[in-house]
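Reader: I have a new model open and would like to learn how to read it feature by feature. Could you walk me through it?

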Amino acid sequence: MSRRRQRRARRLAARSPLGPPARRRRPVQTIATLVLLLAPLALVAAVYLAFAPSNDGGGGAAGLPIAVHTPPHGVRGAAASKPPPVKPPPGVDLAGVDAFHLALRKPPRAGLVFDLEDGEVLWRRDPLRVLPIASLTKIMTALVVVERTRPSERVRITQAALNYTGSGIGLLPKGRRVRLEALLNGLLLVSGNDAAIALAVHVSGSEKRFVGLMNRHARRWGLRCTHFASSHGLEDGNRSCARDLAVLTRLAMAKPRIRRVARRPSAILRFPIKGHKLYLYGHNPLIRMGYAGAIGLKTGYTEAAGRCFVGVVRRGGRRLGVILLNSRDPAKHATKLLDAGFAVSSHS
């Protein structure tokens, strides 16, 4: 066959619908390519089978978390959002027998002597009687403030804080920002109603919302006698009983920021006023009279509540508290009761 005929035959074969015979690929290369493509899918399937929970309710490994902050499969809903357990408040035991008896001339309407460490009651008088508590209200105010603030914070003085009545720091500069700890000193040492309002607005935006917070704390801590109507205590709607106030005292004296202020007889603080100094002199009768070991806590007075007092004294490694509601003479009653309490403690 001539070369011309050979070329013509090849052209005709190329135009055939069957085409030229296909070139066979090497089988080894094809298998290797398939293995490389399928390997990641096989790994994902193996992980799923290893960790996916079974449908028969049996054991096995827990599901993989979807993301770092997402709870594992099967730990959703109520269990995932369950808050940490709330630590129960310190108790005050009214079930026991009084450690001593003391006849007081013109006694308070209600009172209690108790051990701050274990809540043991040493003496009582109508401990569950609900009475107005005046500025003892500020113990709860201080507790909420230290729970929700830092010492370094500054508080803007609003008009609400300047519209106070009764006792106060009296020198709060409107519109200025002052150190929160200075207001805490004014709250506890001189029972400043203006300080109470300023702190309430700082924490909650308004005094009304802050009072709601105080009442939620009272319910959470099981203070069944207690209800608050303000952050400062002037209204008669601020009511409690000696037992609840003892619980609040134990809570307050567990806070270092409150302890540091409550034990001071006075304080000189930097303040944005003329002279740049704020002078505060405490009202605590035990501290003012130099009663040995006095370290707290709060006085109160309104016409309806009478003279009220919560005192704390530390001697020989033991801390006793005294609650007096509507007492004719808080200093005299407190010293007699505490002397008797420590006398019993020394013999036990």
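Author: Gladly. Helices (H or I, at least four residues) and strands (E, at least two) are DSSP runs, numbered from the N terminus. By that rule the chain has twelve helices and eleven strands. The model is predicted, so local features need pLDDT of at least 70 and side-chain atom pairs count only at pLDDT 80 or more, while totals for chains, interfaces and linings use all residues. Residues are numbered from 1 along each chain as its sequence is written, and side-chain values use heavy atoms, with hydrogens and water left out.

Reader: How much of the chain counts as buried?

Author: Buried means under 20% relative accessible area, exposed over 50%, and partly exposed in between (1.4 Å probe, protein chains only). Of the 348 residues here, 43% count as buried. Accessible areas come from the Shrake-Rupley method with a 1.4 Å probe; for residues, only the protein chains shown count as cover. The accessible surface of the chain is about 20200 Å², and carbon and sulfur atoms hold 55% of that.

Reader: What share of the contacts joins residues 24 or more positions apart?

Author: Contact means heavy atoms within 4.5 Å. Among contacts in the chain with a separation of 6 or more, 62% are between residues 24 or more positions apart. For one case, look at V130, in the loop between β2 (121-125) and β3 (131-132). V130 and T226 are 96 residues apart in sequence, yet their C-alpha atoms are 7.8 Å apart in space. Leaving aside neighbours within four places in sequence, V130 is in contact with C225, R239, S240 and C241. V130 counts as partly exposed because its relative accessibility is 37%.

Reader: Now a helix. How far does α7 reach from its first C-alpha to its last?

Author: The general idea comes first: an α-helix has 3.6 residues a turn, so residues three or four places apart point the same way. The expected span of a helix is 1.5 Å times one less than its number of residues. Helix α7 (residues 193-204) has twelve residues and reaches 16 Å, close to the 16 Å expected.

Reader: Is α7 mostly covered or mostly open?

Author: Mostly covered, with ten of its twelve residues buried. Among them are N193, D194, I197 and S204. The buried residues of α7 pack against α4 (137-148), β4 (154-156), α5 (159-162), α6 (180-189) and α8 (207-220). In α6, ten of ten residues are buried, including E181, N185 and L188.

Reader: What should I look for in the backbone angles?

Author: Most residues other than glycine have a negative phi, and most peptide bonds are trans. In the loop between α6 and α7, S191 has a positive phi of about 55° although it is not a glycine. S191 counts as buried because its relative accessible area is 5%. After α7 comes G205, with a positive phi near 90°. N326 is another residue other than glycine with a positive phi, near 55°, and its place is in strand β11 (residues 318-327). N326 counts as partly exposed because its relative accessible area is 24%.

Reader: Which residues does a cis peptide bond join?

Author: G296 and L297, with omega about 10°. L297 is found in strand β9.

Reader: And how do I read the empty spaces?

Author: Rolling a probe the size of a water molecule over the atoms shows where empty space is left. On a 1 Å grid over the protein atoms alone, a cavity is a set of points where a 1.4 Å probe fits but cannot get out, and a pocket is an open set with protein on both sides within 12 Å along at least five of seven lines; lining residues have an atom within 4 Å of a point. Grid points are joined across faces, edges and corners, and a volume is the space filled by probe spheres set on the points. The largest pocket holds about 290 Å³ of space. Its lining has 18 residues, with H283, T299, G300, Y301 and R307 nearest the centre. At least two lining residues each come from β9 (294-302), β10 (306-315) and α12 (330-347).

Reader: How many cavities of 30 Å³ or more does the structure hold?

Author: One, with about 100 Å³ of space in the largest cavity. That cavity is lined by 13 residues, and L188, L189, G282, H283 and N284 lie nearest its centre. Strand β9 gives the most to this lining, with three residues.
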